[in-house]
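Here's a quick briefing on side-chain contacts, with the ring pairs and charge pairs grouped by topic. Have the model open while you read.

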Amino acid sequence: GYVLVTEGYMDVVALAQLGFPNAVATLGTACTADHVHKLFRFTDSVVFSFDGDSAGRRAARKALDAALPYATDVRSIKFLFLPDEHDPDSFIRAHGKEAFAQYVSDATPLSRFLLEAARDGCDLDSAEGRAHLSSNAKPLWGLLPEGALKLQLLGEIAAQVQLDSQKL
């Protein structure tokens with residue numbers, strides 16, 4: 001039902017051995033828009049699962065940028081963030097299949113991750129911080145295809161920056 005994208009081949013091996021045969025790996029390269037396009041030829045649901053460290057967060061942010069043009073109203077894109085000390089291989093071996101499946105189920109939707117990425121470093125208690133959020137969100141929002149998801153996100157961004165969506 002979904003493709004699970006990880007960073008390394010050992011993640012794919014461990015996941016396949018323990019019941020997740022739908023895993024693929026970027027093998028140390030950034031996930032590109034071409035990769036995402038190819039994934040969506042096989043499924044309408046992608047879960048990105050990167051390591052729980054800062055490098056994993058950066059990889060997830062790059063995957064967000066690559067995935068945005070393909071985030072239609074009928075596709076599901078999520079981001080799974082494991083605890084800092086784990087990658088998918090070590091987590092599933094330490095905690096088991098059920099615990100990993102729960103993390104997959106609870107993965108962060110693209111819309112929430114986009115808003116978190118745009119809010120990073122913004123003080124929403126000040127006009128400057130809200131303007132900064134607006135500035136951060138505009139290029140992300142601009143990558144989305146037309147549709148209900150894009151309109152929903154515009155409404156959420158507008159509410160957070162305290163502007164009418166038409167003005168935003």
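Which residue forms a salt bridge with Arg61? That partner is Asp65, and the closest N and O atoms of the two are 2.4 Å apart. A salt bridge here means a side-chain nitrogen of Lys or Arg within 4 Å of a carboxyl oxygen of Asp or Glu.

Before going on, keep in mind that this is a predicted model: local features need pLDDT of at least 70, side-chain atom pairs count only at pLDDT 80 or more, and totals for chains, interfaces and linings use all residues. Residues are numbered from 1 along each chain as its sequence is written, and side-chain values use heavy atoms, with hydrogens and water left out.

**Salt bridges**

- The count comes to five salt bridges by that rule, and side chains of opposite charge can pair when their charged atoms come close.
- Asp65 and Arg61 sit four residues apart in helix 3 (residues 54-67), so about one helical turn separates them. Helices are DSSP runs of H or I with at least four residues, strands are runs of E with at least two, and both are numbered from the N terminus.
- Asp65 is partly exposed at 31% relative accessible area, and Arg61 is also partly exposed, at 29%. The cut-offs: buried is under 20% relative accessible area, exposed is over 50%, and partly exposed falls in between (1.4 Å probe, protein chains only).
- In helix 2 (residues 33-39), Lys38 and Asp34 are four residues apart, so about one helical turn lies between them. Their side chains meet in a salt bridge at 3.5 Å, N to O.
- Lys38 is partly exposed at 40% relative accessibility, and Asp34 is partly exposed at 43%.
- Helix 4 (residues 88-95) holds Asp89 and Arg93, four residues or about one turn apart. Their closest N and O atoms are 2.7 Å apart in a salt bridge.
- Asp89 is buried at 14% relative accessibility, whereas Arg93 is partly exposed at 48%.

**Aromatic pairs**

- Rings of Phe, Tyr and Trp (its six-membered ring) pair if their centres lie within 6.5 Å; planes under 30 degrees apart count as stacked, over 60 as edge-to-face, and the rest as tilted. By this rule there are seven aromatic pairs.
- Phe81 and Phe113 have ring centres 5.3 Å apart and planes at 50°, so they make a tilted pair.
- Phe81 is buried at 18% relative accessible area, and Phe113 is buried at 4%.
- Phe91 and Phe100 make a tilted pair too, because their planes are at 55°, with the ring centres 6.3 Å apart. Phe91 and Phe100 are both buried.
- Ring pairs also build a cluster out of Phe48, Phe50, Phe79, Phe81 and Phe113.

**Charges over rings**

- A charge sits over a ring if NZ of Lys or CZ of Arg is within 6 Å of the ring centre and within 35 degrees of the ring normal.
- Arg75 lies over the face of Phe40, 4.5 Å from the ring centre.
- Lys150 has its charged end over the ring of Trp141, 4.6 Å from the centre.

**Backbone**

- Most residues other than glycine have a negative phi. Gln162 is not a glycine, yet has a positive phi of about 60°.
- Look for Gln162 in the segment after helix 8 (148-161); Gln162 is exposed, at 57% relative accessible area.
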